[in-house]
Amino acid sequence: MTMELTPESRLAAHCELAQQTRDLMDAVALTEVKEDELLAVTAELAALTERLRAASRATPLPFDISPDGNLRHLGNAVIGGANPMALPLVVEMDGLTARAEVTFRPLHEGPPNGVHGGISAMVLDHLLGQAAAAAGFPGMTGTLTLRYLRPVPYGTPLVATAEHTRAEGRKSWADGRIALPDGTPLVEASGVFVMPTAWLGRHPGT
Ligand SMILES: CCCCCCCC(=O)SCCNC(=O)CCNC(=O)[C@H](O)C(C)(C)COP(=O)(O)OP(=O)(O)OC[C@H]1O[C@@H](n2cnc3c(N)ncnc32)[C@H](O)[C@@H]1OP(=O)(O)O
């Protein structure tokens with residue numbers, strides 16, 4: 001794991017850029033402006049892309065320690081504030097349960113008016129993994145099993161939760177779900193997380 005010391009003000013500016021980019025992505029997905037305007041905006045964006053590429057890294061921002069002392073990963077595709085692909089999901093621990101409020105956007109459409117199943121899977125993969133890690137059993141996803149019970153709407157506040165259930169050697173298990181605020185489950189997930197051999201010795205008890 002690489003740790004970097006980057007000034008907080010620059011990281012905050014990077015996160016603002018990522019948020020502006022998310023807003024742009026939403027606007028692109030929904031725009032109805034005329035063709036000449038599409039072409040003009042495309043040209044402006046191409047110029048902006050080149051400005052950002054003037055100084056570029058090979059990989060997204062790595063794990064680091066935030067000023068409040070917590071491990072964070074601003075480049076992560078699910079929780080990373082500096083990654084425009086990320087929702088970003090804000091995961092909180094409620095006892096041993098990992099919990100995140102999530103409102104999907106039209107950008108996440110799979111079936112008409114619903115969220116793509118792969119997007120739900122991505123959120124649950126992360127949340128289950130974080131629950132296992134918080135319980136002291138970090139690992140890579142080995143197997144993720146999903147049960148899609150009801151279509152997942154976008155534009156509606158939803159709640160995603162996950163909890164570690166058991167561990168055996170390098171393997172650990174977690175369950176989770178995405179649900180309506182009244183608890184009605186929409187998607188359920190179970191996952192097996194395996195601590196790679198290369199991680200052995202880096203974590204307590206391994
Ligand atoms: C806090 C942050 C949370 C982040 C959550 C996000 C998680 C992710 O998205 S991770 C990315 C997606 N996952 C991957 O890329 C994983 C790719 N696969 C791998 O790296 C390896 O195959 C890995 C690590 C899963 C297993 O490799 P390795 O350690 O060599 O396994 P191996 O020694 O053969 O097996 C160890 C045990 O795990 C089991 N196992 C191996 N692979 C799997 C699997 N895919 N599913 C279930 N069990 C498995 C084996 O049966 C064995 O069990 P037992 O000890 O009972 O015999």
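Because the model is predicted, local features are reported only at pLDDT of at least 70 and side-chain atom pairs count only at pLDDT 80 or more, while totals for chains, interfaces and linings use all residues. Residues are numbered from 1 along each chain as its sequence is written.

The protein chain has three helices and eight strands; here helices (H or I, at least four residues) and strands (E, at least two) are DSSP runs, numbered from the N terminus. Followed along the sequence, these elements give the pattern α-α-β-β-β-β-α-β-β-β-β. The C-alpha atoms fill a box of roughly 60 × 45 × 30 Å, taken along the principal axes. Of the 206 residues, 26% are buried. A residue is called buried if 20 or more other C-beta atoms lie within 10 Å of its own, exposed if 12 or fewer, and partly exposed in between, with C-beta atoms placed from the backbone. Among contacts between residues at least 6 apart in sequence, 59% join residues at least 24 apart, where a contact requires C-beta atoms, placed from the backbone, within 7 Å. The UniProt record, an unreviewed entry, places the feature "domain: Thioesterase" at residues 115-170; such annotations may be inferred rather than shown by experiment, feature names are shortened, and positions follow the numbering used here. This span is 32% helix and 36% strand, and its end C-alpha atoms lie 33 Å apart.

Two strands are said to pair if DSSP finds at least two bridges between them. Strand β3 (residues 92-94) pairs with β4 in the antiparallel sense over three bridges, with Asp94 opposite Thr97. Their hairpin has two residues between the strands, and Gly95 takes a positive phi near 65°.

Eight bridges join β8 to β5, with Tyr148 opposite Val187, and nine join β8 to strand β7 (residues 171-179), where Ala179 is the bridge partner of Pro185. β7 and β8 form a hairpin with five residues between them, and Gly183 in the turn has a positive phi of about 95°.

The largest nonpolar core has 29 residues, and Val123 and Leu127 have the most contacts inside it. Such a core is a set of buried Ala, Val, Leu, Ile, Met, Phe, Trp, Tyr and Cys residues joined through C-beta atoms within 7 Å. Two or more residues come from each of β4, α3, β6, β7 and β8, and α3 gives the most, with seven. Leaving aside neighbours within four places in sequence, Leu127 is in contact with Val91, Ala98, Ala100, Ala160, Ala162 and Gly176.

Finally, the ligand is surrounded by 16 residues, the closest being Gly129, Met140, Gly142, Thr143 and Val194; a residue counts as near if its C-beta atom, placed from the backbone, lies within 6 Å. α3 (117-134), β5 (140-148) and β8 (185-194) each supply at least two residues of this shell, and α3 gives the most, with five.

Terms used. Contact = placed C-beta atoms within 7 Å.
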